[in-house]
Amino acid sequence: MGPVEADVIIVGGGAAGLATAIVTARRNPRGSVVVVDAGRRPGAKILLSGGGRCNVTNAVVTPADYRGGSPNVIRRVLRAFPVDRTVEFFRQIGVTLHEETGGKLFPDTHRADTVLDALLGEVKRLGVRLLSNARVIHLERRADRFAVSTSTGHLFAPKVVLATGGLSAPETGCDGSGYRLAKQLGHAIVPTTPALVPLVLDGDFHKPLSGIAHDAEWTVRIEGTKPIRLRGSMLWTHFGVSGPVVLDASRFWHRARLEQRAVTISVNFLGGADFGTAQGRLIDLACTRPKVLLRNALSSLVPSRIGQAVLRALGIDPAGPVGQLTRGDRSRLAHALIEWSLPVRDSRGYAHAEVTAGGVSLSEINPATMASRKCPGLYLVGEVLDVDGRVGGFNLQWAWSSAWVAGVATAPPS
């Protein structure tokens, strides 16, 4: 491929990159926009979102749903392109959405490829040039333009948008190259960790529970901070635990380990009940059903296999009548049900993470334009920045919002 001249080069063809290209091309139809992507097919990570159905956004999105950089920066970007505009954006390109549990908005087709095909179709309709299998090797600012060296040739433009994603889901082409490029151009990188990732447990407690899903309250205690309490569904697996509440907790565990602070995680099987309430429920079972086997009585409070596993771990006979449970054992059982310690050893890493925590510092970004404060003509969007949201469509909303702000800034109406 010979040298390519463009008005805007977007490095990365994921959600944020494709959306930025669409906004830029719509606002300046006479301008030339090129998207460079290392993958064989851009947008591969979109196909993994929402279990293959693509959780496009959430009905209610606030800065409190995110961690990482400055909440004020996040707020400004989200306000520029809120949820209602996201819904309208997708309606315009043929993707209608519906709401599910937890405010999650999915395409009516229940298929992630509907979202990706619509984005790629709009990119093509607008005349955006899409270069696949082109890995950016070097990015350099030369006088009034950038020189972009790729595995297939050289490109030049006065404006470049970094939309490279992070390190999560490396099979989709995410390799952290955006951090290297940003650092070359003067940016500081907040150390990265996996986020929204299943956790690996030590021991054998979890193994016979594989496949059981239930609601629970998780408490993450990090040295020097207030306890973090999270509620949601969890899933026991052969390696440990997964599910929404686990994924949300994982970023806190990883950040604590990164910062070398002690961290523990406990599970409340009774959904936030305190010790007195837990004891009261056990006493009530003993009074109303004294002859019922403890394992059967406990199944009215927690899933049967969970109850039996807890009893075995405590050394309490599951086959004993609930009415004969001693005061001491009842106290131990009540405490275990509301604060079961999880021996977290690690997570499943970037290969199984939905997003990356850390990235380019938001203090170095102008939230009104997503422009770099370090390098004129450079813009940054999406996961490459130090922003990560909780489970439920929040990370894609950040992609759409930051893409809109950057797209408007890179291509003011002609």
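**Getting to know the chain**

Student: What share of the contacts with a separation of 6 or more comes from residues 24 or more positions apart?

Tutor: In this predicted model, residues 24 or more positions apart account for 74% of the chain's contacts with a separation of 6 or more.

Student: OK, and how many helices and strands does the chain have?

Tutor: There are 11 helices and 25 strands in the chain, and its C-alpha atoms fill a box of roughly 80 × 45 × 35 Å along the principal axes. Of the 414 residues, 54% are buried, while the chain exposes about 17,300 Å², of which carbon and sulfur atoms supply 51%.

Student: Let's pick a helix. Which residues are buried in α9?

Tutor: Helix α9, which runs over residues 304-314, has Ile306, Gly307, Ala309, Val310, Leu311 and Leu314 buried.

Student: And what covers them?

Tutor: The cover for the buried residues of α9 includes the strands β15 (213-222), β16 (228-236) and β19 (340-342), together with the helices α8 (294-298) and α10 (327-338). Just after α9 comes glycine 315, with a positive phi of about 75°.

Student: What about α5, which residues are buried there?

Tutor: In α5, residues 177-184, the buried residues are Ser177, Gly178, Tyr179, Leu181 and Ala182. Their cover includes several strands, among them β2 (8-11), β9 (136-142) and β21 (355-360).

Student: Switching topic: at what angle do α1 and α4 pack?

Tutor: Helix α1 (residues 15-27) and helix α4 (residues 112-125) pack at an angle of about 35°, their axes being 9 Å apart, and the crossing is left-handed.

Student: Which residues meet there?

Tutor: From α1, Leu18, Ile22 and Arg26 meet Leu116, Leu119, Leu120, Glu122 and Val123 of α4. The residues of this contact divide into six nonpolar, two charged and no polar.

Student: Why is arginine 53 called partly exposed?

Tutor: Its relative accessible area is 23%, and partly exposed covers values between the buried limit of under 20% and the exposed limit of over 50%.

Student: And what does arginine 53 touch?

Tutor: Leaving out residues up to four places away in sequence, arginine 53 touches Glu100, Phe106, Pro107, His110, Arg111 and Ala112. With histidine 110 there is a polar contact of 2.9 Å between the side chains.

Methods
Residues are numbered from 1 along each chain as its sequence is written. This is a predicted model: local features need pLDDT of at least 70, side-chain atom pairs count only at pLDDT 80 or more; totals for chains, interfaces and linings use all residues. Side-chain values use heavy atoms; hydrogens and water are left out. Buried means under 20% relative accessible area, exposed over 50%, partly exposed in between (1.4 Å probe, protein chains only). Helices (H or I, at least four residues) and strands (E, at least two) are DSSP runs, numbered from the N terminus. Contact means heavy atoms within 4.5 Å. Axes are lines fitted to C-alpha atoms, for helices over the stretch in contact, and angles run from 0 to 180 degrees between N-to-C directions. A crossing is left-handed if the near helix is turned anticlockwise from the far one by less than a right angle, and right-handed if clockwise. Ala, Val, Leu, Ile, Met, Phe, Trp, Tyr, Cys and Pro count as nonpolar, Asp, Glu, Lys and Arg as charged, and the others, Gly among them, as polar. A polar contact is a pair of N or O atoms within 3.5 Å; within protein, one must be able to donate a hydrogen and the other to accept it, and residues adjacent in sequence count only if both atoms are side-chain atoms. Accessible areas come from the Shrake-Rupley method with a 1.4 Å probe; for residues, only the protein chains shown count as cover.
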